[in-house]
Amino acid sequence: MSYKEHAQANQAQTLTSQPGTARPVPAVHDMPPFAERLQRGLEDENMHRALERFAPSWRQSRQALFEATAAEYGSDYSFAALRQRLRAAKDEAIAHQEELVARFKEQATAAGAVVYEARSAEEANRYIYELCRRKGITLVVKSKTMVSEEIELNHYLEERGIKAVETDLGEWVAQLDHERPSHMVMPIIHKTRQQVGEVLSRATGREISRENVAEQVAVIRREHRQAFLTAGMGISGANALIAESGTVMLNTNEGNGRMVTSLPPVHVVLAGYDKLLPTFADAMTQIRLLARSATGQPMTSYTTFITGPDRPGKEVHIVLLDNGRSAMRADPRFKEALRCIRCAACANICPPYQQVGGHAFGYIYSGAIGLVVTPFHHGLEAAAGPQSLCVSCNACETVCPVEIPLPSLILDVRSRVATSEGLPWLKRLIFGVLARPRLFDLLTRLAALGQWPATRGTPYVRYRYLRLFERLPGLRPLVQLTGWRSLPAFALRPLRDRIGDRANLAAARQEGRRSDELTVCYFAGCMTDRLYPEMGEAVIQILERCGLRVVFPRAQHCCGLPALNSGDRQHGVAMAKQTVRMLERALDESGADYIVCASTSCVVTLIQDYLRLFEDLQLQSWLNRTRALAGRIMDFTSFLLRVLVAQQRLPALRRPRSGSAPVVTYHDSCQSCNCLGLRTEARQVIRDVLGLELREMRDSDVCCGFGGSTSIEHPEIAERLLERKLRHAEETGATLLVSDNPGCLMHLRGGVDANGRPLRVLHLAQLVAEYLA
Amino acid sequence: MNSSALFAQFQSRLSAAGGVAHWAEDLAQAAEIIATHPALAEQRLIIPPAFAACQPWGALLPLLSARGIRLEEATIPERVADAPAGLSCASLAIAETGSVFLADNALAARIVGMLTLTHFVLVSAGQLVPLLDEAATLLQTLTRPGPQQQHYISLVTGPSRTADIERTLTIGVQGPRALCVIVVATPASDPSLSREEVKDRDNEL
Ligand code: SF4
Ligand code: SF4
């Protein structure tokens, strides 16, 4: 079969939107079930500490390096520019894969290498095994390769009597302890030095220090020397396959990579097709991004370029692996994931990853990219549990050096899982109700009337009121959810009942308007409407005090975010259409200039998620309609600064009284900073417009843990992220915690209430409204 | 950028990677730096085979021998492993990253930089370049098919290191524990051969 035919055969088994057609993938041996991996991860205190300590220092050094390079060499060397270049090179390689493979093969073969194309894990394993058998090789030394983990090469060889020794320190320790790497770059980040000392003592039969890392590192040099000198084969991965010359590029730090590829008489390179790059120039761009993204170091110690065997008698075999990659390539969305350079930045930055580690947050590949590629390499089922851990904070996309839209690909995986496994009944029920505006209205009003036993008339559903119900079977998990975070009460009068004539859309047009008068159509979002009408009133108050006319289409309803976020596309699409139709009509009837929304989660749904959704479902006319609307939609914070302040419409504000003025700390909602790129706007409002003191908290832009339904599905994670966030807020000594997204505010308020913390939690609009003279 | 500014940049990048860079005006100074280095306490230095014939560096060997240093040509890995010091020469030094560019098909030459404990690398000032992009150009040239094709090229940036255990940085894992790069202003014993000519000639390789 030619490569093209292989690709077609693989495409036939593409993991497309019809789930259940996913290829049957052999289960990875010894992989504990997800629930068990999750439990272990949650309990591993040492690991959390290690990951939480690493994250901030990594972020800092990574950013400092990129900034320094841009300052020195100009904007062509900024992170944005480099990532654009690498992305383009990778996209070219993916688009022209057949030509690139042909070129690579031709060049590598001319240089004396043997290139073998393996369609599956089995084919790759068998090729390598046969090679050992033919040559009578019984000992193999390996340098770090994720692809070998993907195909379980060690296991395959060992079952057939061939010993494979990992020579990378972390991989070796993991191998000795019968574990898999929990991180693609730092395989044993989950282990303490004491644990490493124990593993090494057990393996060598000598007492190795539990404290002295240098002594532990020295062990590997001694232990491996003999293996290097006697092994018949060295196996490595590849960081890039450079097509123009048939060269394999390898980045390593420890020095074992060069020994594995140099000393034994046979060198096998194991690499996916995704490692192809057109030219050396592209490889330099990758080098500039890889180490900085991975560990925040400028460059790895060794970057090796191998072009065929270096001496007579030496053999170089390059195994190109498909194993689901052509299915990925055939998928217009998932082919973007083939750009990955395995830097693990998407794991380093991921808040839930820090809480559970890579064994749970992923399968063989971990971190955000692990959730995305696992269905293709190891089946949809293998991704089902791990994908549920993503809180859709979008942080990973901001650091990915090849700009893979990871969060939305994870949602795609989620919707495939939801379609194939079905949603839990509770979610089905909730989304069913959400999708029916009248029923939803009725039920929330009934709930507001009937909630007294749970709220006792306060704005919170509190654990102490619910304790009584804890013993009722079925209610227990719900009751326990309020133990660490009180839930909000439904408002007796939702915002829609408080808007008066603003619901009369046509009036805005009829009454005639001054030329400089602006009309704003206010989209509140269901959380503001039903739970926090006072936030909505603050928004309306500000807009009107600025002389704007505000209309509130009463037909507005939930934008569908909860359903879309849970992978429930059926309800999600219906709600998206409903919302687009409603907004078009409102603009039409009222002649409004802008649609303003003070929930950045809803804004992102309206201007980003709908587009993706309609594009994906090929609903061209809906796509066009949404695009037309999107230009008119603005989040409240930007609107305040770019329109109200910039056009000097904001009236004089009360100046804070010195001495008694509150000190503010600001939480960046993920949707605000990661999706809308808002980082300075709210701060400008607090400092410059209101004249208040703002004290930055640590990690102000790290997720608070709300993450939509994740906080219900994985409350342990949501609780920990919330705890961290509130701790950081308190450390500043501020009395006010401000944000601009009701979802976060609900989560933060609930945490403050449940633990009686001395913080007031406000929407930015509420803060501004307090200073209207 | 003039070569002293370029060298300063190279030096700071290399030192950030845990290596050391020295400037030497000529081979005599280079010999002095090597001979007085603590790694030469045993006065033993591993050199790649045929180093004596290698222009312009071969002329360094008599200077080292004159200081009582025993020069050993690298042969098989067993004999080179954990030797206290080794010497190689590089085709480029890259200021952007503090890397040296080593190209050698012969395994015996490469193990000097793989297995000794302190690795000295010589490079002429004319081969000190600002950006990685020049490495890409040279890679293209050297990997071109033909009898001159270089099959094994490394960019070396500092000594071998790991941070696998608790993110604690440890220098010297499987490879050298120290990397010492000596940038020589005028390596040619024949002073009529200017720096630029050295660069041109090397690029023609
Ligand atoms: S979106 Fe956030 S939670 Fe999800 S994978 Fe990316 S970083 Fe992790
Ligand atoms: S997806 Fe992006 S951030 Fe994650 S490992 Fe791949 S390249 Fe790195």
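In this predicted model, His178(A) counts as exposed, at 74% relative accessibility, and the residue is found in the loop between helix H9 (169–176) and helix H10 (193–204) of chain A. Its phi is near 55°, a positive value in a residue other than glycine. A positive phi is also found in chain B, where that of Glu166(B) is near 50°; this residue has its place in the loop between strand E10 (161–162) and strand E11 (170–171) of chain B, and with a relative accessible area of 26% it is partly exposed. Most residues other than glycine have a negative phi, and most peptide bonds are trans. A cis peptide bond, with omega about -5°, joins Gln55(B) and Pro56(B), and Pro56(B) is placed in the loop between strand E2 (44–47) and helix H3 (60–66) of chain B.

Chain A is divided into four parts, namely domain 1 (3–44 + 333–421), domain 2 (49–55 + 84–325), domain 3 (495–645) and domain 4 (663–770). The centres of domain 3 and domain 4 of chain A, taken over C-alpha atoms, are separated by 23 Å, and 27 residues of domain 3 are in contact with 26 residues of domain 4. Between them these two domains of chain A bury about 2100 Å², of which 70% is on carbon and sulfur atoms. On the side of domain 3, the residues that lose the most area to domain 4 are Met535(A), Thr637(A) and Leu641(A), which together account for 25% of what that side buries.

Helix H4 of chain A (residues 79–95) has 17 residues and reaches 24 Å from its first C-alpha to its last, close to the 24 Å expected at 1.5 Å a residue. Its buried residues include Phe79(A), Leu82(A), Arg83(A), Leu86(A) and Lys90(A), and among the elements that cover the buried residues of H4(A) are helix H3 (45–73), helix H5 (97–110) and helix H13 (280–295) of chain A. Thr285(A) is found in helix H13 of chain A and, beyond its neighbours within four places in sequence, is in contact with Leu82(A), Arg85(A) and Leu86(A). Thr285(A) has a relative accessible area of 7% and is therefore buried.

Two ligand surroundings were also examined. The shell around ligand 1 includes Cys350(A), Phe361(A), Cys390(A), Cys393(A) and Cys396(A), and its residues divide into nine nonpolar, two polar and no charged. Around ligand 2 there are 14 residues, of which Cys340(A), Cys343(A), Ala344(A), Cys346(A) and Cys400(A) come nearest; this shell divides into 13 nonpolar residues, no polar and one charged.

How values were computed. Residues numbered from 1 in each chain as written. Chains lettered and ligands numbered in written order. Predicted model: local features only at pLDDT ≥ 70, side-chain atom pairs only at ≥ 80, totals over all residues. Heavy atoms only, no water. Helix = DSSP H or I, 4+ residues; strand = E, 2+ residues; numbered from the N terminus. Expected span 1.5 Å × (residues − 1). Buried < 20%, exposed > 50% of the residue type's maximum accessible area, 1.4 Å probe, protein only. Contact = heavy atoms within 4.5 Å. Near = heavy atom within 4 Å. Nonpolar A, V, L, I, M, F, W, Y, C, P; charged D, E, K, R; others polar. Domains from an automatic or database assignment. Buried area = accessible area lost by both parts, 1.4 Å probe.
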